[in-house]
Amino acid sequence: MRSHTSKLGLLLVSPAIILLAIFFLTPALLTGVFSFTNMSSSTGISGGAWVITPNLLRELSDDGISPATIEALRDESYSVDEGSLAAARAAGVAAEFADEIASKLSGQRFASDSEFMSALKTLRTRPRRVRDLKLAMEPFTRSVLNIRFETEAAARLAIEQVVPDIDAGELERIVERSYTGWKWTSENYSKLFSSPETLRIVFNTVFYVAMTLAFNVLVGLFLAITTFYLPRRTGGFFSLIWLLPRITPVVLYAIMWKWFTWDDGFVAALAGQLGLPSFNYMKGSVPSAWTIVILVNGFIGASFGMILFSGALRAIPVQQLWASEVDGATRWQQVRHIILPQLRWPILFVTSYQTLSLLTSYQEIWLTTNGGPGNTTAVWALEAFRTALFNYSGSLQYGLGAAMALVLVAVGMVLSIIYLRLFRFDELVSKPKIEF
Amino acid sequence: MTILKKTTVLAVAGALLSGAASAAIAEDYTISVWAGGSGDESDYRVKAIEIAADLYEREAAIRGEEVNITVETQLFSGWDDFKQAVTLAAESGTAPNIIVSGHEDIGPWVQAGILRPVEDYVDFDAWPLNQLYENLIQVSSYDGKIWGIPQDAESRVFFFWREHLEAVGYSKEEIDALPKKVLDGEYTLYSMLDDVKKMQDAGLVEEAKGFMPRISNGPDYWQFYQSFGGEMVDEESGKLVFDKQALTDMYQFFVDAVDKGVVPATYLGGDWDTWHGAVSSGKAGAWHGGTWHYAQWTQKNGLDDFFGKIVYTLIPAGNERGRANAITHPLVYLLSNTGTDDDAALAAELVSIASEPRINALHAVKSSHLAIGREEINVPLYAESRWATEATENLLPHANALPNDADFGVVWTAMYKGLEASWTGVSSVADAVEAAEQSVVSALGDKVIVRDGGM
């Protein structure tokens with residue numbers, strides 16, 4: 001009987017486990033993997049190739065690779081001889097064209113691409129399309145310059161063909177340095193720990209989470225309790241209004257805040273009327289920008305708290321409130337001694353849930369102040385997003401961004417454990433002491 | 001020589017086979033083209049490809065071939081979202097055939113294998129590519145190959161509101177002579193701060209609105225680095241340069257501007273519409289922008305008599321180490337590695353046709369960009385545009401470009417973060433430079449030369 005139950009249990013939770021694996025564990029695992037690489041928009045994600053470029057040759061020359069090797073690798077010449085003509089024919093160059101090349105250019109050597117091209121353009125049977133002409137030129141050169149070799153072996157072979165007597169050590173160094181893809185590294189973490197910028201962003205994040213959380217919980221509680229004491233219909237109406245920030249699409253919500261706080265917006269106009277400084281409150285000063293960021297996020301979170309707290313309030317046996325009124329309790333005494341003690345679990349839940357979601361939320365900040373003015377309202381999650389996926393110069397550092405994201409995952413997990421312990425979650429889910 | 005050697009044999013065979021087959025068989029192609037940083041006024045970046053496709057189809061028909069080309073276009077107004085879209089699409093093999101982006105993307109994208117070298121597909125010795133400006137071809141090249149075809153050129157400019165200059169004591173002749181004084185280094189960025197302060201004190205412009213620099217990151221800020229003697233690349237070694245002295249002086253300049261009260265500490269990150277509205281209506285004393293902003297101000301913001309109201313110069317020198325300068329930030333047509341070699345060949349031919357003077361002039365004049373080739377000045381539409389011809393003559397000869405280097409983005413991001421931190425007063429100038437240096441050196445090691453210029 002017991003084994004059946006556990007199998008059924010396993011079956012019932014399996015969809016959750018699968019979803020958890022797909023949407024949480026895999027991304028977290030991949031983030032972990034990415035964070036130990038130097039992946040960026042220049043290394044690509046899917047893997048690199050082996051390319052010898054003029055810049056690389058200059059660096060290799062500085063690093064002591066022999067001038068003869070460098071010279072051979074730099075050679076871009078084209079030769080028309082029996083070997084290259086045969087290769088051209090084998091590659092599918094039209095027989096007529098190959099014949100004309102053989103008859104008019106045999107034995108000649110061209111120092112560059114453009115020299116050979118000019119010579120070919122004098123031939124009558126050349127292909128019309130430039131691309132076909134360029135393709136026909138390829139078999140006549142052995143140059144390895146700027147060719148993207150998809151495998152290390154191919155690169156090695158090509159280098160050995162161009163420099164047959166290359167020193168084994170040199171070959172290794174050239175092959176290693178010519179790789180364009182990402183490499184494993186732990187530098188992302190050392191960079192994060194050593195950067196002075198990190199401390200500032202951490203401070204911003206702690207400030208943002210603490211202030212917004214306080215707003216969420218306190219305003220949520222205030223709303224729940226005040227609407228609780230209102231007549232049901234009126235209370236419901238006010239609750240509905242407070243839900244608007246949550247149900248409005250985030251882009252629209254952000255635009256409304258922009259209008260509200262813009263140079264000539266409502267806040268600026270009102271401030272002007274009241275004789276206060278009239279400016280763009282969202283971006284014009286650091287304190288006002290922080291206030292807006294906290295309010296923008298705070299209103300969304302407050303409605304979340306309000307719903308949960310309202311539900312919990314309705315679960316309080318109303319007789320307790322009646323009894324307290326008979327005893328002459330004031331509203332504040334009711335709140336202090338009856339309501340708040342019984343809202344302990346919802347408050348703890350909202351606090352822990354909101355801490356974790358605020359830690360990782362950046363979209364409202366991105367769409368409003370975008371971390372500005374300057375970079376003063378940037379938080380960790382926004383920085384991670386911009387580092388990895390979104391910045392003006394297009395220099396996307398996937399590895400570093402992943403390391404930043406993984407730090408958030410780690411902080412989130414540690415905080416979850418602390419919250420669970422602090423709020424004695426095991427008591428909440430423990431079996432009732434009286435068996436029904 | 002090609003970057004895709006594996007496909008060579010197949011492609012040659014395919015080309016020969018298709019040549020042998022009946023010419024009557026219709027060939028259908030779909031060519032996609034995405035352009036970054038483009039709005040309604042710069043839609044010819046993609047429309048030019050549509051025009052080119054139409055011409056190509058007609059020419060093919062005359063040769064007796066039936067070619068049907070569907071051009072799919074997409075404009076991205078921003079750069080952040082565009083670059084994210086292109087890089088991620090390329091990772092999944094769905095990048096557009098033609099990418100219109102800044103030339104500085106060539107470095108990282110070549111290393112990542114996103115691009116095909118356009119020189120393998122078109123002939124730069126034949127018309128219309130042989131009349132393109134040589135320096136723009138250089139800007140489109142990286143590591144020994146030409147990767148892109150210049151799409152446009154521009155210059156970044158310093159502007160002054162004439163009326164305000166007059167009100168603080170400049171005669172008309174002195175105002176007309178200002179560009180020359182800037183060029184000679186006699187009028188510096190600090191002279192400008194003094195002048196806009198006078199304008200504020202005289203009540204001509206509001207407090208903290210005397211100087212309105214660019215509100216967000218952009219190549220513009222590298223101009224100020226150059227104004228204080230900074231170099232982005234070491235000419236001899238080709239390595240990137242991080243000049244601490246120039247960066248310190250540049251950061252200090254903006255801090256000084258804040259201290260003087262001509263720009264707010266919280267300026268960066270403002271709104272573009274507000275900025276355009278202010279600078280085009282005399283609400284600022286001096287500002288800097290791009291040649292293309294002319295289109296915005298005259299067409300959308302109602303600025304009439306541009307030349308009567310505004311005097312433009314190079315970005316003034318900051319001190320004796322630096323020079324008056326401008327940066328040009330040409331966009332380029334790039335070929336992605338998406339699709340077959342045949343698709344790329346067709347895409348390259350379309351780009352080549354789109355670079356013909358008459359077609360390119362549509363974009364240049366509509367969006368107030370500058371010509372990409374010598375013959376464009378012969379196109380009446382372009383020749384009639386006073387701004388285009390003046391800017392080409394007066395600014396472009398003094399303009400340089402950002403380096404094409406796979407790692408330049410790292411230096412750029414660090415430079416701007418330091419600027420934000422010092423400008424807003426979050427860090428001291430010295431700490432901001434220190435943090436930028438640390439970030440650059442830890443990422444690039446000896447790929448970057450750190451110059452401390454006697455610091």
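Helices, of at least four residues, and strands, of at least two, are DSSP runs numbered from the N terminus. The structure on screen is a predicted model.

**Stop 1: chain A, Asn146.** Select A:Asn146 and find the stretch around it. A:Asn146 sits in a loop of chain A, with helix H7 (130–137) on one side and helix H8 (152–162) on the other. Check its backbone: phi is near 60°, which is a positive value, and the residue is not a glycine. Is A:Asn146 buried or exposed? Its relative accessible area is 5%, and because the cut-off for buried is under 20%, A:Asn146 counts as buried.

**Stop 2: chain A, Pro373.** Stay in chain A and select A:Gly372 together with A:Pro373. The peptide bond that runs from A:Gly372 to A:Pro373 is cis, and omega is near 0°. A:Pro373 belongs to the loop that links helix H19 (363–367) and helix H20 (380–389) of chain A.

**Stop 3: chain B, Pro128.** Now go to chain B and select B:Trp127 and B:Pro128. Here the peptide bond from B:Trp127 to B:Pro128 is cis, with omega near 5°. Where is B:Pro128 found? Look in the loop of chain B between strand S4 (115–116) and helix H5 (134–139).

**Stop 4: chain B, Ser368.** Last, select B:Ser368. This residue lies in the chain B loop between helix H16 (357–367) and helix H17 (380–383). B:Ser368 is not a glycine, and its phi is positive, near 60°. With a relative accessible area of 7%, B:Ser368 is buried.

Key:
Residues numbered from 1 in each chain as written. Chains lettered and ligands numbered in written order. Predicted model: local features only at pLDDT ≥ 70, side-chain atom pairs only at ≥ 80, totals over all residues. Heavy atoms only, no water. Buried < 20%, exposed > 50% of the residue type's maximum accessible area, 1.4 Å probe, protein only.
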